Every structure is written in C-alpha cells, then in structure tokens.
Amino acid sequence: ASGQHRELLDQVLEVFAVEPDVDLHLMQPGQKLETSFARALVGMSEELSSHRPDILLVEGDTTTVFASALAAFWQACPVGHVEAGLRSGNVRDPFPEEMNRILTGCVADLHFAPTEWSRQNLLKEGIPGEMVPVTGNPVIDALNFAVSKPASPDVHTILKRLEMPLT
C-alpha cells in the first residue's frame, strides 16, 4: 500500500479484511504532487529491489500508480495496469489523473480494461489486443462484494439515526 488517500485506504482495508505486507506511508500534510511522486518512486524502487516480484500490479490513476509503474519499468519488472484505458480526452481533466493514466499505459505490459470502451481506447493507442483483456470494473465488483456482506450493528444504528432503510 502506498498510503495515498489514507482515510479511504484504511476503510477499504477494513471492509475487505486485508492487511498489506508493506505500507509506504507516503502521504504528508500539505504535500505537493512533486513530493508525493518522488516519495512513491523512491519507496517503490526500494521495495521492488528488495522483493523482485514477477509482475507489479497497479490500479487506477493516482500519482503513486504512475510512480510505481515507472519504478518497475526502470527495474525491468513487468507492469499490469488495472482499470486501464479510461480516458477523458483532455490531459488536464481530471488533473493529474488523466496524465497518470496515459503515462502508466506507456510503461505497462498488460492492460486490464474495465470495459470494452476502455479496451477500444487502448487499441486506438496502438496497444496489441492480446495485451488488453476486458476484466470488468473492480470498483463495481468491490461494491457488490461489500453490500453482500451482513451489515454490522453499527451500520444499523447509523442508518436508523439517518432514518434510511437498510436494503
């Protein structure tokens, strides 16, 4: 785990009962993109050198995704990009995510597209079709998994306070 978006990360790890083997704890208050990128690049470079994985999977379009993919590329470690091929058509919107998507795609070896539309975007960019399987949307899959779990008593209490029905 990079530690980017700490509050969101901790919630997701709890829902899925996942404990990362390594947490880089990259985020610092008031941190600029340049600092975040540099810390992620160095942190991931050290982890890749230490562990030498067969492949590095990165998901999404954050600055740490691109920094991690670049660190792997520099170390000749194959990169698989989950949620590949999302494109807005404007490199500044959303900023910096759109450029992170594009640059991660430039160094990725495998591109796991969530939809056929995303796959077509990658094919138009010259990525060979055999390197772009459509895998579905991991965010939707995660949401479906989370809502299928029994709600904790805390959730029931919160929903009652909000007067919302639990479906």
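Which residues in H2 meet which residues in H3? In this predicted model, local features need pLDDT of at least 70 and side-chain atom pairs count only at pLDDT 80 or more, whereas totals for chains, interfaces and linings use all residues. Residues are numbered from 1 along each chain as its sequence is written, and side-chain values use heavy atoms, with hydrogens and water left out.

| Helix | Residues in the contact |
|---|---|
| H2 | Leu33, Ser36, Phe37, Ala40, Leu41, Met44, Ser45 and Leu48 |
| H3 | Thr63, Thr64, Phe66, Ala67, Ser68, Leu70, Ala71, Ala72 and Trp74 |

By class, this contact of H2 with H3 comprises twelve nonpolar and five polar residues, with no charged ones.

Helix H2 spans residues 33–51 and helix H3 residues 63–74, and the two pack with their axes 8 Å apart at an angle of about 40°. That makes H2 oblique to H3, since angles under 35 degrees count as roughly parallel, over 145 as roughly antiparallel, 65 to 115 as roughly perpendicular and the rest as oblique. The crossing of H2 and H3 is right-handed.

For the protein as a whole, the secondary structure comes to seven helices and three strands, arranged along the sequence in the pattern α-α-β-α-β-α-β-α-α-α; helices are DSSP runs (H or I) of at least four residues and strands (E) of at least two. Of the 167 residues in the protein, 34% are buried, that is, under 20% relative accessible area with a 1.4 Å probe.

Notes:
Axes are lines fitted to C-alpha atoms, for helices over the stretch in contact, and angles run from 0 to 180 degrees between N-to-C directions. A crossing is left-handed if the near helix is turned anticlockwise from the far one by less than a right angle, and right-handed if clockwise. Contact means heavy atoms within 4.5 Å. Ala, Val, Leu, Ile, Met, Phe, Trp, Tyr, Cys and Pro count as nonpolar, Asp, Glu, Lys and Arg as charged, and the others, Gly among them, as polar. Buried means under 20% relative accessible area, exposed over 50%, partly exposed in between (1.4 Å probe, protein chains only).
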